[in-house]
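User: Hi! Could you walk me through this structure? I'd like to start with the packing and then move on to charges.

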Amino acid sequence: MMKERPINHKNVLLLGASLEVLHQESKEWLETISFWSYEAQFFKNLLKQVKTNETRYQQMLQTLDTIYNQLFKFLKKDIVAHEKNLAQLQELTIGFSDTDYRDEHKQLSESMSLLTQDFKELKMTIFDFVKQRTLLDG
């Protein structure tokens, strides 16, 4: 489902930024994931209003229920762990370096970027599906 994305120039700039800027971006990611969870529930409820047993409908519900909620949980867990690594880095804990943190941040940034695009595509699919069903019923 996830696709390879082109280079995100914002990420290239951010990775040269201060650790505080990277910390701020991580906090924004957590807020985004929290909002996505609300959105996923909204779309699930929207789909349930369309009375159908179509396979496509069942697949969209399954995707929202299982895949995205699990992805959100795993990514949130990874970002929280990333933030703990920042705390260790700031305390100068042996075994974790600035470079390690930045590499980890880059990987998380790429995951967020991919998930953002995939979730956007799913939302568009759901909008189209509900719109078509509403036109058919109306």
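Predicted model: local features only at pLDDT ≥ 70, side-chain atom pairs only at ≥ 80, totals over all residues.

User: What about the largest nonpolar core: how many residues does it have, and which have the most contacts inside it?

Analyst: That core has 24 residues. The ones with the most contacts inside it are Leu47, Leu64, Phe72, Phe119 and Ile126. At least two of its residues come from each of α2 (19-49), α3 and α4 (98-137).

User: And what lies apart from it?

Analyst: Another core, of five residues, lies apart from the largest one. Its members include Leu19, Leu86, Leu89 and Tyr101. As general background, nonpolar side chains tend to be buried together in soluble globular proteins.

User: Let me zoom out. How many helices and strands does the protein chain have?

Analyst: Four helices and zero strands. Reading from the N terminus, the elements go α-α-α-α.

User: How much of the chain is buried?

Analyst: Buried residues account for 38% of the 138 residues.

User: What share of the contacts joins residues at least 24 apart?

Analyst: It's 77%, counted among contacts between residues at least 6 apart in sequence.

User: Back to the helices. What does α3 look like, and where does it bend?

Analyst: Helix α3 covers residues 55-90, so to speak 36 residues in a row. From first C-alpha to last it reaches 51 Å, close to the 52 Å expected at 1.5 Å a residue. The bend is at threonine 63 and comes to about 35°. Just after α3, leucine 92 has a positive phi of about 60°.

User: Charges next. How many salt bridges are there?

Analyst: The count is four. One of them joins the side chains of glutamate 39 and lysine 123, at 3.2 Å from N to O. Glutamate 39 sits in helix α2 and lysine 123 in helix α4, 84 residues apart, and the pair links distant parts of the chain.

User: Are those two residues buried or exposed?

Analyst: Both glutamate 39 and lysine 123 are buried. Glutamate 39 is also on the list of residues that phenylalanine 119 touches.

User: Which residue does glutamate 54 pair with?

Analyst: Glutamate 54 forms a salt bridge with arginine 133, and their closest N and O atoms are 2.8 Å apart. This pair also links distant parts of the chain: glutamate 54 is in the loop between α2 and α3, arginine 133 is in helix α4, and 79 residues separate them.

User: Why is arginine 133 called buried and glutamate 54 partly exposed?

Analyst: Buried means under 20% relative accessible area, and arginine 133 is buried because its value is 12%. Glutamate 54 is at 30%, so it counts as partly exposed.

User: Where does the pair of arginine 102 and aspartate 98 lie?

Analyst: Both are in helix α4, four residues apart, which is about one turn of the helix.

Terms used: Residues numbered from 1 in each chain as written. Heavy atoms only, no water. Expected span 1.5 Å × (residues − 1). Bend = angle between axes of the 7 residues up to and from the residue. Core = buried A, V, L, I, M, F, W, Y, C linked by side-chain atoms within 4.5 Å. Buried < 20%, exposed > 50% of the residue type's maximum accessible area, 1.4 Å probe, protein only. Contact = heavy atoms within 4.5 Å. Lists of a residue's contacts leave out its neighbours within four places in sequence.
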